[in-house]
Amino acid sequence: MARENIYQPFEVFYERVDCCPLQNRLFNFFEFVFVISGEGYHIVNESKNSLKEGDLYLITPEDTHSFDLTSLSEFLVIRINTEYINQYNGINHLESVLYYASHLATSIITDSEDKELVKQLAHCLVQTTQHPKTYNCDLQRQYINAMMIIATRNLTSYTPQQLESKDERILEIVAYIQQNIYNLKQLTAQVIGNRFGLAPSYIGSYFFNQCGETMQQYITSYRLKLLKHRLLFSDYRIGEIAQEFYFTDESHANKFFKKHEGLSMSAFRKAQRKL
């Protein structure tokens with residue numbers, strides 16, 4: 001699958017469409033998509049979630065992404081390359097924080113007040129695309145930076161609750177875990193320790209001291225979050241989901257899920273879809 005590129009630090013544009021022009025796209029950049037109006041579904045890595053006005057999606061370079069629209073829809077699209085992010089001086093390791101949104105088909109803004117702020121910023125950005133004026137590019141940078149800050153403080157809800165960021169490596173380690181969550185062979189203490197310059201015998205206590213939970217607890221909770229997301233927002237069969245997460249078979253996946261959730265994957269899906 002070919003990847004799309006951008007050849008400038010950022011791009012901002014407004015779209016009014018009734019179908020997604022490109023399907024299952026892979027990017028070499030980050031993309032924010034704000035839903036101004038419309039109906040349909042947002043699809044990330046085969047997970048499908050209903051879209052609604054006011055949603056803000058973040059697609060990372062790790063995701064395949066498309067929309068299944070059922071009505072005429074309006075979007076604000078912001079594309080940002082990694083160079084732009086790395087030059088931003090406001091938040092340390094912003095790129096790692098943004099990677100926390102990988103695999104998510106849902107809106108990344110959960111705070112009600114922040115939703116209103118993002119809506120106002122989106123309106124301002126649309127204005128700059130439709131009414132070219134002097135210094136519009138500078139204004140766009142300021143609006144984009146503000147949106148990234150708001151996204152970041154909402155995305156931290158996906159990180160370990162007691163995460164301390166004094167040592168910047170922990171942000172990189174958590175991002176690495178999320179990016180490799182489907183391949184547990186890459187998430188051993190030996191592999192992670194070697195990658196981040198920490199002794200395998202030390203990384204467990206280091207992670208616990210920074211996050212308030214063991215690395216294995218975090219890996220397990222994140223896998224469960226993604227499993228539940230697949231069960232709720234995709235039409236994958238249980239066996240297909242088990243295969244995606246590299247379980248030995250469906251029985252192995254159900255044993256893991258029932259141990260932590262108290263019911264089988266199919267029972268969880270059935271119960272949640274009745275709500």
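I take helices (H or I, at least four residues) and strands (E, at least two) as DSSP runs, numbered from the N terminus. I am working with a predicted model, in which local features need pLDDT of at least 70 and side-chain atom pairs count only at pLDDT 80 or more, while totals for chains, interfaces and linings use all residues. Residues are numbered from 1 along each chain as its sequence is written, and side-chain values use heavy atoms, with hydrogens and water left out.

I looked up Ser47 and found it in strand β6 (residues 47–50). Buried means under 20% relative accessible area, exposed over 50% and partly exposed in between (1.4 Å probe, protein chains only), and Ser47 is buried, at 0%. Its C-alpha atom is separated by 8.7 Å from that of Leu232, 185 residues apart along the chain.

I turned next to the rings of Phe, Tyr and Trp (its six-membered ring), which pair if their centres lie within 6.5 Å; planes under 30 degrees apart count as stacked, over 60 as edge-to-face and the rest as tilted. I count 10 aromatic pairs by this rule. Tyr57 and Phe67 have ring centres 6.0 Å apart and planes at 50 degrees, so I log the pair as tilted. Tyr57 lies in strand β7 (residues 56–59) and Phe67 in strand β8 (residues 64–69), 10 residues apart. Tyr57 is buried, with a relative accessible area of 0%, and Phe67 is buried at 7%. Ring pairs link both of these and Phe75 into a cluster.
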